[in-house]
Amino acid sequence: MNFQVTVLKILVAYPDGFAVMEDLKRDMAILATSGRDWADRTRRLAARVPDLDIWSQGLVERTSGGWKITSKGRAALEFMEARPAAPEPSQASVVEETTAAMELATDVPPLRQPADRAKRRPERRERRREARERARANAS
């Protein structure tokens, strides 16, 4: 069943939900060797739909050398990923989660902000212009 959840997750990531078999095999190999987190996650998702069968239920179609996720498949995946309604967490668990998130945040360097990208844009344009000029000079 983890295999079927993995297929759904891979297909939903592709444009139009279609992937050729080579791409599916490659992506599955990457996810299968990515560690225990992926296996645990797919097991949790599969538990939400115990009788999952992506082919007989029409969640995936086999077409022209690949597989394509259907709208039913997208809906099933959304259902699996939807968080169940839970009672309001206690204050202690909120504090623990916040502390854990802060510890993770200090381990990971911050991402560059869009404003930084805008500031670097003229530099990139200048480097490209210089590269074009060098290429023209070398071509002549």
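Reader: Which residues does Thr-42 contact, leaving aside its neighbours within four places in sequence?

Author: Thr-42 is in contact (heavy atoms within 4.5 Å) with Asn-2, Val-5 and Thr-6, once neighbours within four places are left aside. Please note that this is a predicted model, in which local features need pLDDT of at least 70 and side-chain atom pairs count only at pLDDT 80 or more, while totals for chains, interfaces and linings use all residues. Residues are numbered from 1 along each chain as its sequence is written, and side-chain values use heavy atoms, with hydrogens and water left out.

Reader: Is Thr-42 buried or exposed?

Author: Thr-42 is buried, with a relative accessible area of 1%. Buried means under 20% relative accessible area and exposed over 50%, with partly exposed in between, using a 1.4 Å probe and protein chains only.

Reader: And what lies 3.0 Å from a polar atom of its side chain?

Author: That is the backbone oxygen of Ala-39. Thr-42 itself is found in helix H3, which covers residues 36–47.

Reader: How many helices and strands are there?

Author: The protein has 6 helices and 3 strands, where helices (H or I, at least four residues) and strands (E, at least two) are DSSP runs numbered from the N terminus. Their order from the N terminus is α-β-α-α-β-β-α-α-α.

Reader: What share of the residues is buried?

Author: Buried residues make up 22% of the 140 residues.

Reader: Turning to H4, which of its residues are buried?

Author: In helix H4 (residues 71–81), these are Gly-73, Ala-76, Leu-77 and Met-80. They lie on the same side of H4, because they cover an arc of only 100 degrees around the axis; the arc is that of the directions from the helix axis to the C-beta atoms.

Reader: What do they pack against?

Author: The buried residues of H4 pack against helix H1 (2–13), H3 and strand S3 (66–69). On the face turned away from the buried side, H4 carries the exposed residues Ser-71 and Glu-78.

Reader: In what order do the strands stand in the sheet?

Author: The 3 strands form an open, antiparallel sheet in the order S1-S3-S2. Strand S1 (18–20) and strand S2 (60–63) are at the edges with a single partner strand each, so one side of each has no neighbour in the sheet. On average, neighbouring strands are turned by 25 degrees against each other, direction ignored.

Reader: Which helix packs on the sheet?

Author: H1 does, touching S1, S2 and S3, and its direction makes about 80 degrees with that of S3. Axes are lines fitted to C-alpha atoms, for helices over the stretch in contact, and angles run from 0 to 180 degrees between N-to-C directions.

Reader: How many bridges link S2 and S3?

Author: S2 and S3 pair over 4 bridges, and S1 and S3 over 3 bridges; two strands pair if DSSP finds at least two bridges between them. Lys-68 in S3 is the bridge partner of Glu-61, and Phe-18 also stands opposite Lys-68.

Reader: What about the hairpin of S2 and S3?

Author: That hairpin has 2 residues between the strands, and Ser-64 takes a positive phi near 30 degrees.

Methods: Polar contact = N/O pair within 3.5 Å; in protein donor to acceptor, adjacent residues only side chain to side chain.
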